[in-house]
Amino acid sequence: MEACECGGSEEENAIRKKRGAEGGGQRYDDIIGLPRHVSQIRPQMPRSVRAAQFAPFAALAGFEEAVREAEEAFVRSQSQA
């Protein structure tokens, strides 16, 4: 049995081939016990850096400040009337 280009072991490739023949692999019982892939080339990313990828960010930079300024202007215009 040959290893595929995805870098899996012969056992993993056999499971993938079998799963494909069974109609899309609706159940994952055949792969649950397999070890997860660990790169031999790249070092593992530290958790602190990895977590930063998923941290919330301000999609609209300055939006809150613009809303606050508009609110203040509205309040000023209402108090003058």
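Is Val67 buried, partly exposed or exposed, and what is its relative accessible area? Val67 is partly exposed, at 41%, where partly exposed lies between buried (under 20% relative accessible area) and exposed (over 50%), with a 1.4 Å probe and protein chains only. The model is predicted, with local features needing pLDDT of at least 70 and side-chain atom pairs pLDDT 80 or more, while totals for chains, interfaces and linings use all residues. Residues are numbered from 1 along each chain as its sequence is written, and side-chain values use heavy atoms, without hydrogens and water.

**View 1. The protein chain.** Three helices and zero strands make up the elements, in the order α-α-α from the N terminus. Helices (H or I, at least four residues) and strands (E, at least two) are DSSP runs, numbered from the N terminus. Of 81 residues, 7% count as buried. The accessible surface is about 7,900 Å², 55% of it from carbon and sulfur atoms (Shrake-Rupley method, 1.4 Å probe; for residues, only the protein chains shown count as cover).

**View 2. A nonpolar surface patch.** Leu60, Phe63 and Val67 form the patch, with about 300 Å² of accessible area together. Val67 lies in helix 3, residues 63-80. Patch residues have over 30% relative accessible area and no salt bridge, with like charges joined within 9 Å and nonpolar side chains (Val, Leu, Ile, Met, Phe, Trp, Tyr) within 5 Å; a salt bridge is a side-chain nitrogen of Lys or Arg within 4 Å of a carboxyl oxygen of Asp or Glu.
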